[in-house]
Amino acid sequence: MKKEQSQPLFHLFKNRITWIILSLLACLFMVTIVSLSVGSTYISPIEIWGHFLGQGGGEYDFTINMLRLPRLILAFLVGAALSVSGLILQSIIRNPLASPDIIGITAGASVGAITFIVFFAGTISISWLPLVSMSGALVVAVLVYLLAWKQGVTPIRLVLVGIGIAAAMKAFVMMMIVVSETAVTTKSYLWLTGSLYGATMKDVIGILPWVVVFIPLAFLLARTIRVLELGDELATSLGVNVQVIRFSLLFVSVVLAGSAVAFAGGIGFVGLIAPHIAKKLAPNVFHLLVPIAGLIGGLMVMVSDLIARTAFLPLDIPAGVFTAGIGAPFFIYLLYRNRHM
Amino acid sequence: MNPLFRKKYKWIGLIISFLIFLFAFMLSLSLGQTSISVSMTLDAIFHYDETVTEHIIVMTSRLTRAIVATIIGCSLAIAGAMMQALTRNPLAAPDIFGINAGAIFFIVFAATFFSVNSLVHYMWIAFIGAGIAAISVYVLGSLGSGGLAPIKVVLAGAAISALFVSFTQGLLVIDEQRIQSILFWLAGSVAGRNLDMVLPVLPFILAGIVLAMLLGSSINVLLSGEDVAKGLGQKIIVLKIMIGIIVVFLAGGSVAIGGSIGFVGLIVPHMVRGLIGPDYRWVLPYSALFGASLLLFADVAARFIIMPQEVPIGVMTAFIGTPFFIYIARRRL
């Protein structure tokens, strides 16, 4: 009995999955150090170490504590949220090409946020922004789901309806931007492209609860995703209520995507690529895909933001441009790979 | 059976469509921030008097605007009809294929890095961008078994568009001063164009429209199946390439003039086929008239919704087009 129990555990530590997670954590550590040290003022890793140990006269308090650290943490959380959101979406839609940006969830969150920025930014506290943007994402997701409903929801209809709704939402965002004043235009446009510029600890604290609650939830639901991937008929015959499960998974995915958009704007393609890299690295271990995908997504956004803010100094390019630059060619590759679908 | 499926009534239908188009054109000339009576509008056209303010409004800003809307509406609708025939895909249209996004990215890129600012250059750049986007989506969508399945094409188009859109956004964020003006153009607009800007593009668009009309019966043969078409001695490849070139001219030209105006190319051919049947000799001229009328009506509505400002017309067509897109997606799949 004891042997049977220890066998999987033993297996786990021998397994390459463990090594994958460990090396991802190592990457995370390295990227963190690099991101904290480079920028318009260079701080050497040793000085950073000293800073965190409380040595040094606090000369980096502003640069590290106020500028770089919050931005870094936010990048990681946003990336993790987007990636897990995409992972769930790809599984429920059973289409490797689905992601929150393609089926309109991100656009819905943008509509909420833009409406807020244009109409209420002066009058209502900005801390309502995430909630508004999340509601936007949720409304769009429900709308897409209902419109795709025809005796149940098939993945293909969900994608097509999503793309249609996404177009309408983008049109709405465009209208809001065009009719607003120039100052607001520039601000909202920057936000739309997906930028971590000006991230503060308040943002980090704002997004943290959503990520901390919903990523573990996704982890718990991961087992049912496995069953859903067998197909609706088979899943139903195994006693799973397909529509209920699919809807609750969709909900988790929407909340994660919505919170990411609320704090960092439309950082595209992370929700598409990161889950794929995770699946490639760790095939056949669905329950562990959630943390792996989360780590990869977080790393992706951290690296993109690092490049975006340092490559063209003093310009601070939105990180979304870089994720799209990597993401779109990858998407094309995926289309090619899945050409027989 | 629908009476319009019979030939005799198709002529009558075409004449009625033309009258509807004329009506839309007149509305576009007379309605707006200053409404001008129909008789005054006619006066302005036939007995132009430059001391009358209304006459000047009609003949300068509104006439150009109506002509631009007509050209773009015609081109996009015909381009959509041709693409749906070429790919045998109900969801094919210039914007779905990423053609608009491609043309726009290339124009913004050229404007940012090579300071290109003449419309003649814009036009050629738009053609190149449109061509590249169209070919990539066509190739990506037709790879593998099952050929150009709607879902594959739509996804490929969404990806290509997303790629071009985010690159365009990246360029625009760097260049803050121009965001506002370029954005209005990006969102699709038929206002503020003068005829000098349209003239260089016009020959290509007209050639595209005329060629399209001539290809009607060949497209009918193509639609009856490639084997049948080959058996009847059609050069399929030549026909397909010609359709491709026409689409690039029409869609690329429209973007160069009016920016991204979506959904016209998607919905109009469906409306037309539902009304008069699948015969492309008729579908193309009907699409041209319907497309022009749709855009004219949308443009008139765009002036009233948030007066005194205007809704970009691309936004209007997206709002009209989305329910239709979803309807087709639901019905076909």
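Thr317(B) is found in helix 15 of chain B, which spans residues 313–332. In this predicted model, Thr317(B) has a relative accessible area of 2% and is therefore buried, the cut-off for that class being under 20%. When residues up to four places away in sequence are left out of account, Thr317(B) touches Ile261(B), Gly262(B), Phe263(B), Val264(B), Leu295(B) and Ala298(B).

Of the 333 residues in chain B, 58% are buried. Among the contacts in chain B that link residues at least 6 apart in sequence, 75% are between residues at least 24 apart.

Helix 9 of chain B, formed by residues 202–214, was examined in more detail. This helix has 13 residues and reaches 18 Å from its first C-alpha to its last, which is close to the 18 Å expected at 1.5 Å a residue. Its buried residues are Ile205(B), Gly208(B), Ile209(B) and Ala212(B). Viewed down the axis of helix 9 of chain B, these buried residues fall within an arc of 95 degrees, and they therefore line one face of the helix. The elements of chain B against which the buried residues of helix 9 pack are helix 3 (53–87), helix 10 (216–223), helix 12 (236–258) and helix 14 (280–304).

Among these partners, helix 12 of chain B has an axis that comes within 9 Å of the axis of helix 9 of chain B, the two crossing at roughly 145 degrees. The crossing of helix 9 of chain B past helix 12 of chain B is left-handed. On the side of helix 9 of chain B, the residues involved are Phe204(B), Ile205(B), Gly208(B), Ile209(B), Leu211(B) and Ala212(B), and these meet Met242(B), Ile246(B), Phe249(B), Leu250(B), Gly253(B), Ser254(B) and Ile257(B) of helix 12 of chain B. Sorted by class, the contact between helix 9 and helix 12 of chain B comprises ten nonpolar, three polar and no charged residues.

Chain A was described in the same terms. It holds 14 helices and zero strands, and buried residues account for 55% of its 341 residues. Where contacts in chain A join residues at least 6 apart in sequence, 77% of them connect residues at least 24 apart.

A pair of helices in chain A, helix 9 (residues 201–228) and helix 13 (residues 286–310), have axes that come within 8 Å and cross at roughly 145 degrees. The crossing of helix 9 of chain A and helix 13 of chain A is right-handed. To this contact helix 9 of chain A contributes Ile215(A), Ala218(A), Phe219(A), Ala222(A), Ile225(A) and Arg226(A), while helix 13 of chain A contributes Phe286(A), His287(A), Val290(A) and Pro291(A). The residues of the contact between helix 9 and helix 13 of chain A divide into eight nonpolar, one polar and one charged.

Elsewhere in chain A, Val139(A) is placed in helix 6, which covers residues 129–147. Val139(A) counts as exposed because its relative accessibility is 54%, the class being set at over 50%. Along the chain, Val139(A) and Ser83(A) are 56 residues apart, and their C-alpha atoms are separated by 21 Å.

Methods
Residues are numbered from 1 along each chain as its sequence is written. Chains are lettered from A and ligands numbered from 1 in the order in which they are written. This is a predicted model: local features need pLDDT of at least 70, side-chain atom pairs count only at pLDDT 80 or more; totals for chains, interfaces and linings use all residues. Side-chain values use heavy atoms; hydrogens and water are left out. Helices (H or I, at least four residues) and strands (E, at least two) are DSSP runs, numbered from the N terminus. The expected span of a helix is 1.5 Å times one less than its number of residues. Buried means under 20% relative accessible area, exposed over 50%, partly exposed in between (1.4 Å probe, protein chains only). The arc is that of the directions from the helix axis to the C-beta atoms. Contact means heavy atoms within 4.5 Å. Axes are lines fitted to C-alpha atoms, for helices over the stretch in contact, and angles run from 0 to 180 degrees between N-to-C directions. A crossing is left-handed if the near helix is turned anticlockwise from the far one by less than a right angle, and right-handed if clockwise. Ala, Val, Leu, Ile, Met, Phe, Trp, Tyr, Cys and Pro count as nonpolar, Asp, Glu, Lys and Arg as charged, and the others, Gly among them, as polar.
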